[in-house]
Amino acid sequence: MTSLRTITRDELNKHNTAKSCWVTMDSTDRVYDVTEFLDDHPGGGELILEYAGKDIRGPMEDPVSHSHSDGAFDILEEYCIGVLPTAHKAVPSEVADGKLQTMEESEHAREVFELTGLSCAADLSKDTDYDLDHKTHKFIDLNKPMLMQVWRGGFSKQFYLEQVHRPRHYKGGASAPLFGNFLEPLSKTPWYVIPIVWLPCIAFGTYTAWSHIGTLATLQCFPLGLAIWTLVEYAMHRFLFHVDEYMPDHPAACTLHFLLHGVHHYLPMDRLRLVMPPTLFLILATPFWRLALALFPRYYAMAIFSGGILGYVIYDLTHYFLHHKNLPSLWKELKSYHLAHHYQNYELGYGVSSKFWDKVFGTTLILAKAD
């Protein structure tokens, strides 16, 4: 048993910024330094900062704003640094393998999902021990560039798919090396690049189409493109990004899968690999542009395609915010739904910006429990 140091209430109150964020739980009087966790919190760091220097039990246990599992409380314990002064002596804590545990029996095991090895959304942000993970699973060493390890690893398709869908988390919220050379920057895209690059293109395409086909036709074609995008989003996620069982058992197939989508399931909380790099989007979008030209007159196709690109922008930004921001109540269920696709069952729940097509095609993911 180890006694934790006593921290005064005044000292706690001073640590109320993003540079030093401490919180407490009045049920235990423990104090937690969650500064390093701000960027990794699935609901966004700003939600925690609202309670910096204060008691955080209320939002942790509030089922309306966000229901937290036992796993979330377990992760919080890893950041425990002391206790507030009370009439009782300092709260003891079990110590196992050098890590602070909860007051519950250390051998208490939480239910995990077979496909992912995780039990809740909070597990997605739990730091991976690189050396231990590589030694245990003989898959990717996160200390080294990942892509060539997949290419040269000699992994069978079955082993690759099992491992790549068991999420890891890179420490400190940084991005694990993918290429390890001059190509590395091309694999990282901040979320704000998406609207900066594509909204002007959408405006230009819409204006050009309008100047040739008029207002009424543009108002009909643009929403059609938006609607078509929702189906394209679902189909690409299900049949391209999750081609999984249908891809060849070959290193080239595994490497391409990892580059397209596998890396996102392997490191789902990587902020710079959540939205699609513009170069990759151009490659994937070109066949759809040619198809639009084949099916419709040029400027009608341009209006439809512009609507589709806006749908893509909405999708990519939604995807990022589902992973890293605290969202209004209207989107909280969608956030839980998508994160469950990562920690519960990646073979269901393909809709990101909407569950509509999941319902149509029978791939709706039923949340087993609150995340």
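Modeller: What follows is a short talk through this predicted model.

Biologist: What is the mean pLDDT of the protein?
Modeller: The mean is 85, with 87% of the residues at 70 or more.

Biologist: Where does pLDDT stay under 50?
Modeller: Over residues 87–109. The model has 35 contacts beyond four places in sequence for that stretch. Where pLDDT is low, the coordinates should not be read in detail.

Biologist: Fine. How many helices and strands does the protein have?
Modeller: There are 13 helices and eight strands.

Biologist: And what percentage of the residues is buried?
Modeller: Of the 371 residues in the protein, 47% are buried. The accessible surface is about 18,600 Å², and carbon and sulfur atoms account for 61% of that.

Biologist: What about contacts between residues at least 6 apart in sequence, how many of those join residues at least 24 apart?
Modeller: 72% of them.

Biologist: On to the inside. Which residues have the most contacts inside the largest nonpolar core?
Modeller: Ile194, Trp198, Phe281, Tyr312, Val313 and Tyr343, in a core of 34 residues. Helices α8 (193–241), α10 (278–295), α11 (298–324) and α12 (329–343) each give two or more residues to this core. The largest share, eight residues, is from α8.

Biologist: Which residues is Trp198 in contact with, leaving aside neighbours within four places in sequence?
Modeller: Pro278, Phe281, Leu282, Ile309, Tyr312 and Val313. There is also a second, separate core of 21 residues, which includes Leu147, Val164, Leu178 and Ala253.

Biologist: Switching to rings. How many aromatic pairs are there in the whole structure?
Modeller: The search finds 24. One of them joins Phe113 and Tyr343, with 5.8 Å centre to centre and 45° between the planes, and is tilted.

Biologist: Where do Phe113 and Tyr343 lie?
Modeller: Phe113 is in the loop between β8 (99–100) and α5 (130–137), while Tyr343 is in helix α12, so the pair ties together parts 230 residues apart in sequence.

Biologist: Are Phe113 and Tyr343 buried or exposed?
Modeller: Both are buried.

Biologist: Back to Trp198 and Phe281. Why is that pair edge-to-face?
Modeller: The planes of Trp198 and Phe281 are at 65°, so the pair counts as edge-to-face; the ring centres are 5.0 Å apart. Trp198 sits in helix α8 and Phe281 in helix α10, 83 residues apart, and the pair links these distant parts of the chain. Trp198 and Phe281 are both buried.

Biologist: Which residues form the aromatic cluster?
Modeller: Phe139, Phe155, Phe159, Tyr160, Phe258 and Tyr266 form one.

Biologist: What sits over the ring of Tyr337?
Modeller: The charged end of Lys355, 4.9 Å from the ring centre. Elsewhere, Lys171 lies over the face of Tyr130, at 5.4 Å from the centre of that ring.

Biologist: Last one, Ala252. Which helix does Ala252 lie in?
Modeller: Helix α9, residues 251–266.

Key: Residues numbered from 1 in each chain as written. Predicted model: local features only at pLDDT ≥ 70, side-chain atom pairs only at ≥ 80, totals over all residues. Heavy atoms only, no water. Helix = DSSP H or I, 4+ residues; strand = E, 2+ residues; numbered from the N terminus. Buried < 20%, exposed > 50% of the residue type's maximum accessible area, 1.4 Å probe, protein only. Contact = heavy atoms within 4.5 Å. Areas by Shrake-Rupley, 256 points an atom, 1.4 Å probe, with all protein chains shown as cover. pLDDT = per-residue confidence, 0-100. Core = buried A, V, L, I, M, F, W, Y, C linked by side-chain atoms within 4.5 Å. Phe/Tyr/Trp six-rings, centres within 6.5 Å; stacked < 30°, edge-to-face > 60°. Lys NZ or Arg CZ within 6 Å of the ring centre and 35° of its normal.
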